[in-house]
Amino acid sequence: MINPFIAGVDEAGRGPLAGPVVAAAVILPKQCEINGLKDSKKLTEKKREALLQQIETKAVAFSVGIVHEDVIESINILGATHKAMRLALGRLSPQPVEALIDGHALPDQVVRNRGVIKGDQKVPAISAASIVAKVTRDRIMRSYDRIFPEYAFAKHKGYGTPEHLTNLKTYLACPIHRKSFRPVSDYLPSLAQLKEERKLGKWGERLAARELMRKGYSILGMNFSALPYGDFDIVAMDGETVVFAEVKSSLQEWLGDSEDQINDNKIEKLLKSMKIYLSEKEIESESRFDLLTVRFGGGPPTVAHYINCLS
C-alpha cells in the first residue's frame, strides 16, 4: 500500500535576537477537524496551547527540530531554519510521502516537498505545524527567563521589542543572544570585562544551566540558598529526579576531577541543603547532586557535566 501521508512543516523564531529557531512537522489524518486552526501568529497564547492539545491528540504524527543560537551563528539563520525543518521531518514516524513547507521548498531534503506561500493560512497541517513550533519555542524562552530574568524573555520571547532593546543595552548580551544579529553585536561583553566586573562566575552558572536545558532538563530555579548549610547554583528536573547542581568556573585549563571538589564536610552540608529544598517545596521525588565545570579562555567556553557526584 502506498504511504498516503502528507506532512505540513513550519518554523518559529527566525526573527528574534535570542534563543533557538524551532521547526515542526505534522501529519493530520484525512477529514481531521480542529476548530480554530490557523496561523499561530494570529492566535493568543492561551488559544495556541489549547489547540496544541487537540493536535497532539488527533495528529497521526508530529515532531520538532530545534537549532540553537550557536549553530545559527555558524550556518546563518536560513541554514539553521532548513536544518530545523530537516530534523523535524526526519523524526516523523511514519515518514510522509510528501511535505508541504510554509513559504518555499526545502532544498536537499530526502522527502519530496514543495513550498506553499502563506501555507499556514491555507493548509491545516501547516497551520498545525505553525502552532506546534510556536508553542515549543515559547516554552523554551519561558524556561530561559528563569536563567536570565533581567531580559524578560518570558514576555517578548527574544524578539526585538523596546523593552528587550533597553535591557540589552543595560545588561549587555547574554549566552543565548545571537551574536551576529544587530544590535546584539553592539553589546557583546568581553572576557576581560566579565572578569573585571566579577561576573565570570555568574556567566558560568548560566552557561551550565543552558547546557542542562539542551540536554532536556527543566530548570526549576537558580541560586537556591539553604542557610546555614550553603546554596545551589542550579536546581533542575531530569525526568522524575530533582537535580541539585553546583557550578565551578575558571580561566584555568584544568579544574580538577569531580571528586576533588567535594570533601566529607561538604557532602554533609549538601545533603542537608537538599533536604531543606525538598521539604520547602513538598517534593518527594528522587534527588541527586551534579557538578558542572565551565572553562573560559582559548575559544568558546567549555562545559563539563559530572552526574551524581555523591554516590
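Me: Against which helix do the buried residues of H6 pack?
Reply: In this predicted model, local features need pLDDT of at least 70 and side-chain atom pairs count only at pLDDT 80 or more, while totals for chains, interfaces and linings use all residues. Residues are numbered from 1 along each chain as its sequence is written, and side-chain values use heavy atoms, with hydrogens and water left out. Helices (H or I, at least four residues) and strands (E, at least two) are DSSP runs numbered from the N terminus, and contact means heavy atoms within 4.5 Å. The buried residues of H6 pack against helix H5 (153-156).

Me: Within what arc do the buried residues of H6 fall?
Reply: Helix H6 (residues 162-171) buries His164, Asn167 and Leu168, where buried means under 20% relative accessible area, exposed over 50% and partly exposed in between (1.4 Å probe, protein chains only). Pro162, Lys169 and Thr170 are exposed on the other side. The buried residues line one face because, seen down the axis of H6, they fall within an arc (taken from the directions from the helix axis to the C-beta atoms) of 105°.

Me: Which are the edge strands of the open sheet?
Reply: Five strands form this sheet with mixed pairing, in the order S6-S7-S8-S9-S10, and two strands pair if DSSP finds at least two bridges between them. Each edge strand pairs on one side only, and these strands are S6 (218-226) and S10 (302-306).

Me: Which residue of S9 is the bridge partner of Val247?
Reply: Strands S8 (residues 241-250) and S9 (residues 287-295) pair in the parallel sense over 9 bridges. Within S9, the bridge partner of Val247 is Leu292.
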